[in-house]
Amino acid sequence: MTAAVIEPADGAGARERILDLAQRYGVYAALAVLIAVATALDSDFMSVSNWRVQLFQAAPIVLVALGMALVIGTEGVDLSVGATIALAASIIPLYIGYGPVPAIALALLLGAAAGLVGGAMVAFAGVQPIVATLSLMIGLRGVAELMNGAAAKPVADATILDLGERNLAGVPLMAWIALAATGVVAYTVRRTTFGRQLVAIGDNKRASLLAGLPVRRVLVTVYVLSGVLAALAGVLIVGHGAEADPANQGLNMELSAITAVVVGGTPLSGGRVRVLGTVAGALFMQLASAVLIQHNAPTSTTQIVEAVLICLAVYVSRERGTR
Amino acid sequence: MSVRTSETAAPLPAPPPRRAGRDGLLETPRERWIRRAERRGPLVVLVAVCAAATAASPSDASWSDVSTILGNNAFVWLLALGMTFVITTGGIDLSVGSLYALGGVLAARASSSGPWLAILLPLVVCAAWGAVQGLLVAYGGMAPFIVTLAGLLGARGLLQALTNQGSTTYLVPAHSWFRHLGAGTWVPVGIVAVLFALGWILMERTGYGATLTAIGGNQDSAVLLGLPVARAKVLVYLLSGTLAGAAGALAGARLGSGVTTIGVGYELTAIAAVVIGGTLLTGGYGTIGGTVCGVLLLAVIHHLIDRYLSQYGSAMTDAVNGAFLAVVVLAQALLERSRRQ
């Protein structure tokens, strides 16, 4: 935002501008290049069935990353989303006897409660977001395993399986849900007072306090939203896999989500949320690993490529200028 | 964080008398008690937990317990030692779990060429890995969280590549003296104790330790003071990587092979131990003694859960660990806040 106002004419300014553009639009360009390369290498890449598979894989990550983008926008981070997925997943087989709607509602409620605990620790006790959500991350997976037993439990409810497997107008229902969530989050960030307050807090928390913004309430809400979105992703994952596996579901999801957000151009230092960039970032990471796997690259290569991509994205989006 | 602008206009009550504490700080008695609670808290809790456990079942508290607690976790503690330095500067190192596993595989692979190589190779590789991370953080201006997250993925990837996706297992030759480094309880514990002692000296008795604390307290001030901030930060990640490599080498010696699946999530255990030990995650204050208390406390709790709640297994351990960590960081945050007021 600020870099666009001041435009020095020397070479350093031009470099800054290029980096700025790269930060803003780089992920879309990278996504386009990736899709082009993948299509050139493999004609099946553009097939409907392949895209369906990719969307099934990407939808839960998109949901989690959207919540993570909001949290990172406030200069926080939410490490508990993976464990929240496991928690939401493990409640489904326990309460599916009461019908799918109460089970899903309870899962979302649990996600909200998890977010509330993390958010309260951050907003009211002043605990660092990393630590607050780290303790949740360790604790919640334990709770999920305690509730459900460490072994995976099958889920055969038709409604929940539909959520994870059905196509609507040829596109996975999961992808529609992720798309709707993207719309809601984008609207919230750009058009609502809450969204503006969130960005202002991430930019300068102290100034926001002095300006009389409801900093604590906004912070708690952001973590609750992140928890609910993670829980929703958990429900979809249960539907897709037809089982609840508290020990393994959502594992490392927090890292994938943070990666997607950062690759999408949201700075870790807060004060800016790129919603569409986040979705593009999640798609990019998903497609990149899919392409590597389709071409029989070992998992080690996938991991190293992912690490290099993260480093590149962070280098481009790092804080520049005087501090 | 609470800022009340209206209060500055009201007449302030007379401040309580301040007198110089042991550190030369002017402080009220209340502030002194809070500071003591912050510093001695982990030790007090550790003693209390041990005393309660011994009182509950005196016959069970034996040397075998002590040796289990010390021997099973010894190597992992080195991760917490390195992490203490990193966190003191206000950074974080998520790569240590992967470097731990990588160090183990490298040690096992090099051990067929001789025990010295088995020790040196993991140290050198992990030190280089840490140094690169430190350079990116200190000179690239990138967030430590993300740099070391990339390090976590990359080191795991390298490890998988070295072992053909885990299908190749390197064994340490049966007669190599390298194996003795990890055998039993007292050799590894002795090595770890020596490294902790060196770490304590580095942190409490050298200018480098003071520089780390200054960086974590206020990096801009440290730069203005003319401290070698960038160099110190590179060294801190190098140190953390080296210690993770050393821990991996010792684990390789103990297990007798390079196990690819170890170390997942260990960075979190290390961070938890450091935080429980009273080191502030915001940086600016860290003690090696506190970290010793933190790792012991986690190990003792783990042991107690294993003994009394073993039917719930690791799930119960995780739940209790998480709740315990939450309570500790809450207490820290509240103490910190009441001291500022």
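At what angle do the axes of helix α9 (residues 193-203) of chain A and helix α11 (residues 215-241) of chain A cross? Before selecting them, note that this is a predicted model, in which local features need pLDDT of at least 70, side-chain atom pairs count only at pLDDT 80 or more, and totals for chains, interfaces and linings use all residues. Residues are numbered from 1 along each chain as its sequence is written, and chains are lettered from A in the order in which they are written, while side-chain values use heavy atoms, with hydrogens and water left out.

Select α9(A) and α11(A): their axes, lines fitted to C-alpha atoms over the stretch in contact, come within 10 Å and cross at roughly 100°. The two helices are therefore roughly perpendicular (65 to 115 degrees) to each other.

Next, show side chains where they are in contact (heavy atoms within 4.5 Å): Phe194(A), Gln197(A), Leu198(A) and Ile201(A) of α9(A) meet residues of α11(A) including Val215(A), Val218(A) and Leu225(A). The residues of this contact divide into eight nonpolar, two polar and no charged.

Now move to chain B, which has twelve helices (DSSP runs of H or I, at least four residues) and two strands (E, at least two).

In α9(B), 19 of the 27 residues are buried, and the helix is followed by Gly256(B), whose phi is positive, near 80°.

Note on methods:
Buried means under 20% relative accessible area, exposed over 50%, partly exposed in between (1.4 Å probe, protein chains only). Axes are lines fitted to C-alpha atoms, for helices over the stretch in contact, and angles run from 0 to 180 degrees between N-to-C directions. Angles under 35 degrees count as roughly parallel, over 145 as roughly antiparallel, 65 to 115 as roughly perpendicular and the rest as oblique. Ala, Val, Leu, Ile, Met, Phe, Trp, Tyr, Cys and Pro count as nonpolar, Asp, Glu, Lys and Arg as charged, and the others, Gly among them, as polar.
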